[in-house]
Amino acid sequence: MEIQPLFEGNYFHIFNRGVNSADIFKEEKNYYYFLKQYEFYCSDVFETLAYALLKNHFHLLVYIRENVFVPKITGGGLLRLNASKQLSHFFNSYAQAFNKMYGRTGPLFESPFERRLIDDEQYITSVIYYCHYNPQMHGFVTDFRNWKFSSYHAILAEHHSFLATEKVISWFGNKAAFEKAHELNKPEKDYSKYKIE
């Protein structure tokens, strides 16, 4: 199957899981470290609208920024960032730390990571719902609002620097509308374009 390039100026649903569906998060500190490394490697190239982190997989809804340049570490000139390379650096960084912490070797994530181009506004809304409902659908909680490692509460709190909180809130109208929409709507029953399980 041909791998979908991460075209700049487009929205993508990016998701992946552990090799052989193994856990990629064992303790709470793993989730926090994942988010920290994601912010470090990917916040320049991605505008992140939603995420969900679960024991053996994750989901991201992102907009890929166009023409992102940063100063070269060695000095002298600018470096044009590539979304796929930044994701690779991020995955490698997390996997190396995880392997060292738990005395394991080899790949942590399945490769290549899954990605779906989002080509309409309703699809964006559906993926936001899907990310936030994911922990409930997998039975980790009975109410998705009780899961700490999705973007639902972070969006409402408006304090995560790498999340496009204002954009998401304005997408729904305001905070109250965002919350109400999540109460009234569930992801569509056909999950085929979202699922990795």
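Predicted model: local features only at pLDDT ≥ 70, side-chain atom pairs only at ≥ 80, totals over all residues.

Visitor: OK, so how many residues of E2 are buried?

Guide: Nine of the nine, so E2 is largely enclosed by the rest of the structure.

Visitor: And what is the strand order in its sheet?

Guide: The order is E2-E3-E1-E6, an open sheet of four strands with antiparallel pairing. Strands E2 (46–54) and E6 (114–118) stand at the edges with a single partner strand each, so one side of each has no neighbour in the sheet. On average, neighbouring strands are turned by 15° against each other, ignoring direction.

Visitor: Which helix packs on that sheet?

Guide: Helix H3, residues 121–137, which touches E1, E2, E3 and E6. The direction of H3 makes about 30° with that of E2.

Visitor: Back to the strands. How many bridges pair E2 and E3?

Guide: Eight, in the antiparallel sense. E2 and E3 form a hairpin with two residues between them, and the bridge partner of Phe46 in E3 is Ile64.

Visitor: What about E1 and E3, how many bridges there?

Guide: Seven, again antiparallel, between E1 (residues 11–17) and E3 (residues 57–64). Phe15 has His59 of E3 as its bridge partner.

Visitor: Switching to helices. Which residues of H5 are buried?

Guide: H5 covers residues 165–172, and Thr165, Val168, Ile169 and Phe172 are buried there. Seen down the axis of H5, the buried residues fall within an arc of 95°, so they line one face of the helix.

Visitor: Why would residues with that sort of spacing point the same way?

Guide: An α-helix has 3.6 residues a turn, so residues three or four places apart point the same way.

Visitor: What do the buried residues of H5 pack against?

Guide: They pack against E2, H3, helix H4 (151–157) and helix H6 (175–184). On the face of H5 turned away from the buried side you find the exposed residues Glu166 and Ser170.

Visitor: And what happens just after H5?

Guide: Gly173 sits there, with a positive phi of about 120°.

Visitor: Which residues other than glycine have a positive phi?

Guide: Ser21 is one of them, with phi near 65°, and Asn67 is another, at about 50°. Ser21 lies in the loop between E1 and H1, while Asn67 is in the loop between E3 and E4.

Visitor: How accessible is Ser21, and how accessible is Asn67?

Guide: Ser21 has 34% relative accessibility, so it counts as partly exposed. Asn67 is partly exposed too, at 49%.

Visitor: Where's the cis peptide bond?

Guide: It joins Ser111 and Pro112, with omega about 0°. Pro112 is in the loop between H2 and E6.

Visitor: Which elements give two or more residues to the lining?

Guide: Helix H1 (28–42), strand E4 (69–71), strand E5 (78–80) and helix H2 (83–102). H2 supplies the largest share, three residues.

Key
Residues numbered from 1 in each chain as written. Heavy atoms only, no water. Pairing = 2+ DSSP bridges. Axes fitted to C-alpha atoms, helices over the stretch in contact; angles between N-to-C directions. Contact = heavy atoms within 4.5 Å. Buried < 20%, exposed > 50% of the residue type's maximum accessible area, 1.4 Å probe, protein only. Arc of directions from axis to C-beta.
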